[in-house]
Each structure stands twice: as C-alpha cells, then as structure tokens.
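This briefing is for a reader who is new to the structure.

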Amino acid sequence: MREVEVSRLTDVIEKLCIEANEHLPEDVKCAIKTCRACEDGEIAKGILDNIIENFDIADNENVPICQDTGMACVFLEIGQDVHFVGGDLTDAINEGVRRGYTNGYLRKSVVKDPVRRGNTGDNTPAMIYTEIVPGDKVDIQVELKGFGSENKSGVAMLVPADGVEGVKNAVLEIVKKAGPNPCPPIVLGIGIGGTMDQAA
C-alpha cells in the first residue's frame, strides 16, 4: 500500500488550474491552425486568425486564454493500492482549486445555488470524478469547463429503433438550437450509450 499526502494533490491541482487557463494543449492549437490553413471563407479566416493570436498572447504573457475561466472539473485515476493520508481528499482538491483561482487571478464564477445564485468567491466546489484503476499511482487531469460551452450542452434520449439516423438528427437539433451562441471555436463532444450522466 502506497501512502499519498493529500497536500500533494492540492499543490498539483493549483498549478493545473492556472496552466489550463493560460495554455491550450498543443494538439488543440495544431487543430485550429490546420482548420485555418484549409479555410476559404474570409470571415472564418479572420475569426480563426483572432483565436490563434489570442492563444499566442496567452502563451507568451501567461494570461488566461478567455475571461470565462470555467468550472474546475478534476478527473482522478486512483490506483487501488493508494491510501490517502493527511486530510480529506475532497477538501484537498477544493483547496487546490481555491488556490489556483486566487493565486492565478482567475475569474471566479461558481455559485452556491443555481437558482438563488450567490458566488462562492473561490470557484469551488470542483466537479470531481474518480476512477479506481490497478496500481499505486494517481493520475490527475483538470479540465476547465467554460460556461459559454456548458450553457449550450444538450441531451437526447432515443429509443433503439431510432438507430444511427436518430443520433444524427438529435445532434443536428442540439447544434441548431445552440446556433451561434457557444464560444468559438466550436468543437462537438458526443457521448452515446450508457446512462445520461455517463454519456455526458
């Protein structure tokens, strides 16, 4: 059994929150540049040029890519031979988010209650997803879910008879309903099967 101090997770999550807000992954930057190279529409080229300039500035000046610094979604793959010590795992994760958003001067937009509102002031609580895997290691990934995309998410419940055409129609309907409102660049993530929460 390997013991892991939860404070180590706090430190890593703090850094990941800041890094994810300031630097797009290389594969995403490459995909955007590839789209720009293939684009013939003048307006689309201009928009993609602005996006590329924006992530270059964020990289070079270590500033957030977007003013919407998102809700922290923390994904943990926890080895079954790991034992956390030194405190509560959830508290340690939220402390990492709290420090990252405070020390990184990131906008805090999480509210206590979706109806009554009231900003928590530190961008917690984080959304925490855990998966138990073989081994004695912990893999941590942080995704910052911006609300410009989250607000345009959709779900469709289909019956088996709907088949592939039903899936295509459901996706097209959700995209049509979202219209031009999601933040660019628009990338579709489509989950099919399992329960509603697992597909999402």
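Buried residues account for 30% of the 200 residues in the chain. The model is a predicted one. The chain exposes about 13000 Å², and carbon and sulfur atoms supply 54% of that area.

**Overall layout**
- The chain contains seven helices and seven strands.
- Their order along the sequence is β-α-α-α-β-β-α-β-β-β-β-α-α-α.
- The C-alpha trace spans about 55 × 50 × 40 Å along its principal axes.
- Of the contacts between residues at least 6 apart in sequence, 75% join residues at least 24 apart.

**Helix α4**
- Helix α4 covers residues 89-103, which makes 15 residues. From its first C-alpha to its last it reaches 21 Å, close to the 21 Å expected at 1.5 Å a residue.
- Just after α4, Tyr-105 has a positive phi of about 55 degrees.
- Buried residues of α4 include Leu-89, Ala-92, Ile-93, Val-97 and Tyr-101.
- The buried residues of this helix pack against α1 (6-22), β2 (71-79), β3 (82-85), β6 (127-133) and β7 (138-145).

**Salt bridges**
- The count of salt bridges comes to eleven.
- Arg-98 pairs with Glu-95, their closest N and O atoms being 2.6 Å apart. Both residues lie in α4, three residues apart, about one turn of the helix.
- Glu-95 also forms a salt bridge with Arg-99, at 3.0 Å from N to O. These two are separated by about one helical turn because they are four residues apart in α4.
- Glu-95 counts as partly exposed because its relative accessibility is 25%. Arg-98, at 28%, is partly exposed, and so is Arg-99, at 32%.
- In helix α6, Lys-168 and Glu-165 are three residues apart, about one turn of the helix. Their salt bridge has its closest N and O atoms 3.7 Å apart.
- Lys-168 is partly exposed at 46% relative accessible area, and Glu-165 is partly exposed at 48%.
- Salt bridges that share partners link Asp-11, Glu-95, Arg-98, Arg-99 and Asp-122 in one network.

**Nonpolar surface patch**
- Val-175, Ile-186, Leu-188, Ile-190 and Ile-192 make a nonpolar surface patch of about 490 Å².
- Ile-186 sits in the loop between α6 (163-178) and α7 (196-199). Ile-186 has a relative accessible area of 51%, so this residue is exposed.

Terms used:
Residues numbered from 1 in each chain as written. Predicted model: local features only at pLDDT ≥ 70, side-chain atom pairs only at ≥ 80, totals over all residues. Heavy atoms only, no water. Patch = residues over 30% accessible without salt bridge, like charges linked within 9 Å, V, L, I, M, F, W, Y side chains within 5 Å. Areas by Shrake-Rupley, 256 points an atom, 1.4 Å probe, with all protein chains shown as cover. Salt bridge = Lys/Arg side-chain N within 4 Å of Asp/Glu carboxyl O. Buried < 20%, exposed > 50% of the residue type's maximum accessible area, 1.4 Å probe, protein only. Expected span 1.5 Å × (residues − 1). Contact = heavy atoms within 4.5 Å.
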